[in-house]
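Please look at the model below.

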Amino acid sequence: MSAFLFWIFALLTLIFGAAVILNRNPVASALSLVVSFLGLAALFMSLNAYFIGIIQVLVYTGAVMVLFLFIIMLLDLRAEEGRRINWLASAGGLAVALILLGQIFSVVGHLTIAHQAFPPLPGSTIDDVRNIGAALFGNYNLPFQIVGVLVLVATIGVVLLSKRQPR
Amino acid sequence: MNSFLPWTILLAPLISAVFITLFALRWKAVSSFISIAAVLVSFACSCLIFTQSGIAAAELTWINIGGALKVPLGFTLDQLSKTMLLVVSGVGATIHIYSLGYMRDDEGRSRYFAALSLFMFAMFGIVLANNFVMLFIFWELVGFTSYVLIGHWFFRDAAADAANKAFITTRIGDFGFMIGILMVWMATGSIVFAEITPRMPDLVSHPTFVTIAALLIFCGAVGKSAQFPLHVWLPDAMEGPTPISALIHAATMVAAGVYMLVRVAFVIQASQTALLVVAWIGTITAAMAALIATQQNDIKRILAYSTLSQLGYMVMAVGLASNDAAMFHLFTHAFFKALLFLAAGSIIVMLHHEQNIWKMGGLSRKLPVTFVTFAIGALALIGCPPFSGFFSKDAILALAYERNMPIFTLGLFTAFLTAFYVVRLLVIVFFGDTRSEAARQSKESPLVMTGPLIVLAIFAAVGGFGFFARNFLVLPIEKETGFFVPALAFGALIVGSGLAIGIYRSRASDPIDIEVLRHKFYFDELYAWLINWTHELLARVSAFFDRWIIDTGAVDGSSRGIWGIGALLRLIQLGNLQAYVFLFGLGVIAVIYFAVFR
Amino acid sequence: MITLGDYLIVSGILFVIGFAGVMLRRNLIIILMSLELMLNAANLSLVAFSRFRVDSTGLPDYDVQVFVFFIITVAAAEVAVGLAILVALYRARQTTDVKDISSLKF
């Protein structure tokens, strides 16, 4: 895929990711996150991970963000009014984040394999759903089942947590 | 056969003591006869040994640590120990027989005789020992049996306290003694007397060491023979039965100190300073005790102080480097002091345990045999010729005249005082009017008690001549000074006796009252204050330590320390979620830094 | 030409954005959304490596993509439970400000 498309989608992801944390309105933040996820799905596609990309759209943007928006609406969260900003804490937090960023850049810069191109694939299209399915139900069957149980447990937990306390 | 004689002497009383304690405590008559039989066996063996020469006893090795420390159980059988054996067993035998009469009404007769036998065993051990460790073991045993016997009537507080006092005071001396023994062993590598004697000249190059060792060994004698400043136990020891006072605290145990000094004279004579110290302590003891005796009113106390005084003379003689004079005086003193105590016991029993001399009087008519024997002993004590005491005391005074004039002066003064208080005692007890009902109704003691008195009186009278003098009296000095010193001594005697007769004739109470002397120079009060002060100091130090260092420092300190650390750690629990994330981020950065960039 | 490093840098920036959001925003919903950003950054990095590592048949390493699948699943479950907790908290305290839930402060 051409570099141009890559950078478009990368910037999309990053800018709207920043928008998530910079917006005051929670709804705006949620919607920015949706766009960010879509950009991410495109990046997955550019890496020939079609299944993962579709799953990203279906599960993350389709289910998780919808849930977020439901909750925001349910709780009727308004935009945050002006509040006192603790400049010292903010500066400290920003400093930690930037140092972390610097360290990541440095590590990636020194990684020799990071400067290599991706190896070519045998065909233009690859049947990754079949391959992932085979791996999932073959080698990783047990974790699969366990994750299934995990989701069940999460469901039960959510039901319990949402019960209104009897007055 | 011959080599078992010393063992027999030593073990007969021990067997008696063990047998009585284990089997015969219920039968008083049986135990008393067993004990007397044992001591008579020892006496017989002592006579046998004395008449023969060249007896070598079998020796056992008790401890042997790689040649560095070799402790045998062996015997020395020279002139000194053979004679001492005779004296100890002889006087011991007479006192055993006397005790039959004196203790006939006592409930604890069996244990009395058992302890008496044990004492004889220990005393023989001291006399026969051929090395320091064996000597020390029997030394301690003698102290223990003395404690048992002084406290024979332990249900009386005074007796129990006196027994404790005796034991603890002699223990102090024994501590010094032990250190002295260790020092000698350290320097010469052996504790056997025969091996140390040739090695003593090698130590001439370390005079301070030898002086300290000699003085420490002398400490043992200071304790056991009740010299100044450890003399405080002997007068109180009179709480015990009178035969015990006679045997232990006149004739044998206190003499053990002097005997030990003579036995280890090679150590003490290696240092001139030590000799001087020994002589002066003896002199001081003699003078001080004589002064105190002039103001005492209990017949046994007066005799106790006179014992102290005469012991001082013996130690003085040792300090003047003449063992023969010391031993001679020791032997004569054993006889006449035992005699005096037994006679006093006879008086006490016949007056129903009255001991205050001002409640006696006129007893020369009531108790004639006792009076005669007591008088003989008293005359021997004050050194009146021709009794034995004259010769022995005179030998010592002649020695002092020759070698140390200040000591001689004090010795002469003490002789004057001795005459004074002894005659005072005689006059008040035996002459004049009978001053109490008990005195009026008294009569002579039975033969079982007067018999030993007579025997001892004979020895006290003739002991100065012939047979005994031949064995001990080796004093060319006496021949040089001629009759000057004896004349001076006799003069002191006359003056003292005359003064006493003049002051105390026909009196009902004591006209002289010197409080310092009556209170024995306040030594007991001084020691009590000292011990109290030491205890107080120790208690304060311990309290301080306990309150501040243990309670506040360790206990409180550790609790406050933990609390402080907890207070510091508590600051991490901020409750603020984002602060936790911040710290988490810091941690991640640090880990990445150390993992990747280092 | 796009290299592996580019993907990793994008992933890194996205991760730091999410981390900054967790540290600096006070609204709990925004914090949860920032958490999702961090998870997705990790996913991107994993998928990039999966495409980079090619096995003998020339295909990408699908085991990693299985891992990413699991991450997505678990993240979804976690979001559900997290939001349920948020709702319960809102009902109890009437606030979603993270500074107000500090009962564990010493």
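The model is predicted.

Start with chain C and chain A. Here 60 residues of chain C are in contact with 70 residues of chain A. Three helices of chain C each supply at least two residues to the side that touches chain A: α1 (4-24), α2 (28-52) and α3 (62-93). The largest share of that side comes from α3(C), with 22 residues. Now sort the side of chain C that touches chain A by class. There are 44 nonpolar residues, 12 polar ones and four charged ones.

Turn to chain C and chain B. This contact takes 10 residues from chain C and 10 residues from chain B. On the side of chain C that touches chain B, six residues are nonpolar, two are polar and two are charged.

Next, go inside chain B. Two packed helices are described by the angle between their axes and the distance between the axes. Helix α8 (residues 207-224) of chain B packs with helix α13 (residues 272-293) of chain B at an angle of about 25 degrees. The axes of α8(B) and α13(B) are 9 Å apart. Angles under 35 degrees count as roughly parallel, so α8(B) and α13(B) are roughly parallel to each other. The crossing of α8(B) past α13(B) is right-handed.

Which residues of α8(B) and α13(B) meet? From α8(B) come Thr211(B), Ala214(B), Leu215(B), Phe218(B) and Val222(B). They meet Thr273(B), Ala274(B), Val277(B), Val278(B) and Ile281(B) in α13(B). The contact of α8(B) with α13(B) has eight nonpolar residues, two polar and no charged.

Technical notes. Residues are numbered from 1 along each chain as its sequence is written. Chains are lettered from A and ligands numbered from 1 in the order in which they are written. This is a predicted model: local features need pLDDT of at least 70, side-chain atom pairs count only at pLDDT 80 or more; totals for chains, interfaces and linings use all residues. Two residues are in contact if their C-beta atoms, placed from the backbone, lie within 7 Å. Ala, Val, Leu, Ile, Met, Phe, Trp, Tyr, Cys and Pro count as nonpolar, Asp, Glu, Lys and Arg as charged, and the others, Gly among them, as polar. Helices (H or I, at least four residues) and strands (E, at least two) are DSSP runs, numbered from the N terminus. Axes are lines fitted to C-alpha atoms, for helices over the stretch in contact, and angles run from 0 to 180 degrees between N-to-C directions. Angles under 35 degrees count as roughly parallel, over 145 as roughly antiparallel, 65 to 115 as roughly perpendicular and the rest as oblique. A crossing is left-handed if the near helix is turned anticlockwise from the far one by less than a right angle, and right-handed if clockwise.
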